[in-house]
Amino acid sequence: MYRTTDILTSSTSGDMVINVGPQHPATHGVLHLVITLNGETIKKIEPHLGYIHRSIEKMCESLTYRQFIYVTSRMDYLSAHINNHACALCVEKGLQIEVPPRAQVVRVILDELTRIASHELWWGAMAMDLGAFTPFFHAFREREMINEIMEETCGARLTMNYIVPGGVMMDIHPNFQKKIKEFIVLYKQKINEYHELVTGNVIFENRMKNIGTLTAEQVISYGCSGPVARGSGVKSDIRKLYPYEIYDKLDFEEALETGGDSYARYLIRMREMEQSIKIIEQLVDNIPDGDFQAKTKAVLKLPKGEFYTSVETARGELGVYIVSEGGTTPYRIKFRSPGFSNLSILNDMVKGGKIGDLIAAMGTLDLVIPDIDR
Amino acid sequence: MFLKDYIKEVAGALKSLASGMKMTGYYFTHHKEIITEEYPDNRNSLVLAERFKGEVVMTHDENNEHACTGCTACELACPNATIKIITKFDVDEATGKKKKALDTFIYHLELCTLCNLCVDACPTGAIKMAPTFEHSVFDRNQLTKKLNNPGSKIRAGVE
Ligand code: SF4
Ligand code: SF4
């Protein structure tokens, strides 16, 4: 952890305030950071939000329970499929719909593919934040294969809207299993390239180790989840803690590191990709036959009450909270997005550090701005 | 002792840099493994997935007949008011009864989020998603489309 430097404590004059964003390539979206600097030392960071607020929660109040799912793809667009999954789970919980096993397995496979695609993009963007441009293309090469699988089965590459309450929209494409097996073979060859290019690299290690250190207490008090929490040794994988769908029957490990620095968060994501591959390997040959969608009424009406489900997206815990008055549209919807809590720890994370390390440390939070603003 | 560690560290650092450069060098000399798609030069050989959601189209058979009954299920399913169904009353020649039928299927591509909910909702399978993606035009009005062909009518037997 950074010690507060002498300049920081002694003088109040000579501070400089600079703005990073809202249009800045390093913030990966329209995030506005107001940074108070003393020399090169960061005194305070204030994230300003709202530039990409689209009022998704309010919008959902006027959409029916079938319609509102597609909007959530636009929150955390890199885990679009998992967002849809969370919403469908919440509606299913309210209506007590039993999802056919085939749909459950397909949903989980696609969830894990989404997680790999998201982490791969993060890996590329992370390396780009540190000044390396090539890894981005390496990451996109493998991500492209996942996108092709998505395109073939769901019909879209990013905002799939493949999940409907009660199952999935269409049956899987005949090539689905074949393509996934090809991907697994290729991925296992190429992951070594990732480690060779970035993980062991001395420049990378020096810029990641002991930078942006977070303790377990800090992580818990800010409500962080996902790889950010697990990098500090806090068990927070919803798939393990509150298993949904078929996760309790699967054999996988929750990646945990105790370092709490940027490097630990980096390792967590790399290991999570391996675990996702392990999950997919277990399922790809065992997709049960049967319906891909449960029979549901044409118009869905949730009973009066409150419903909450949470899932593990690539960034952490996404919670969906629906208040229903018994009608066809939700009375109130609230999303607990992982990005918002993870961003709020930024000040504690880089305070007292150098501005050069800000982008490197922020990159490991894996922020997706539309997820924070909604 | 200090010197030994120092040299070890430098050697390790150089090795890690070299292995990264080796990877870069490998791809520099192996052009075949680079998978760049040169759009738009490859437009003729471009194959899109059959399920690709590019725009909503209405299928017509060789007799210029479609399967749309004008039931407005798709209009209701659409979250963005992209679809507007205008119906008319056809007179059945055999019985002389009036029957609701489709007059115009208006589709606003500029409002469509390509979510597939309308296709999923259609009871007769009259509309589907087409794998097209080059939708740019000079004026927004050109994106408002009429999906049923001129002079088309409903296929016999579709209820
Ligand atoms: S694809 Fe979705 S947005 Fe487009 S017309 Fe159909 S229901 Fe509406
Ligand atoms: S396209 Fe299908 S759902 Fe829409 S009006 Fe015609 S028959 Fe009804």
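In chain A, three strands form an open sheet in the order β1-β2-β3, with antiparallel pairing; strands and helices are DSSP runs (E, at least two residues, for strands; H or I, at least four residues, for helices), numbered from the N terminus, and two strands pair if DSSP finds at least two bridges between them. Seven bridges join β2 (residues 32-38) of chain A to β3(A) in the antiparallel sense. V34(A) has E46(A), in β3(A), as its bridge partner.

The model is predicted: local features need pLDDT of at least 70, side-chain atom pairs count only at pLDDT 80 or more, and totals for chains, interfaces and linings use all residues. Residues are numbered from 1 along each chain as its sequence is written, while chains are lettered from A and ligands numbered from 1 in the order in which they are written.

Helix α4 of chain A (residues 80-95) has 16 residues and spans 23 Å from its first C-alpha to its last, close to the 22 Å expected at 1.5 Å a residue; the expected span is 1.5 Å times one less than the number of residues. Of the 16 residues of α4(A), 14 are buried (20 or more other C-beta atoms within 10 Å of the residue's own, C-beta atoms being placed from the backbone).

Between the chains, 20 residues of chain B are in contact with 19 residues of chain A (C-beta atoms, placed from the backbone, within 7 Å). On the side of chain B that touches chain A, α1 (2-29) and α3 (117-121) of chain B each supply at least two residues, and α1(B) gives the most, with seven. The residues of this side comprise 11 nonpolar, six polar and three charged; Ala, Val, Leu, Ile, Met, Phe, Trp, Tyr, Cys and Pro count as nonpolar, Asp, Glu, Lys and Arg as charged, and the others, Gly among them, as polar.

Ligand 1 is surrounded by 13 residues, the closest being C78(B), T82(B), C112(B), C115(B) and C118(B) (C-beta atom, placed from the backbone, within 6 Å of the ligand). This shell holds nine nonpolar, four polar and no charged residues. Around ligand 2 there are 13 residues, the closest being C68(B), C71(B), A73(B), C74(B) and C122(B). The shell of ligand 2 has nine nonpolar, four polar and no charged residues.

Technical notes: Contact = placed C-beta atoms within 7 Å. Buried ≥ 20, exposed ≤ 12 C-beta atoms within 10 Å, placed from the backbone.
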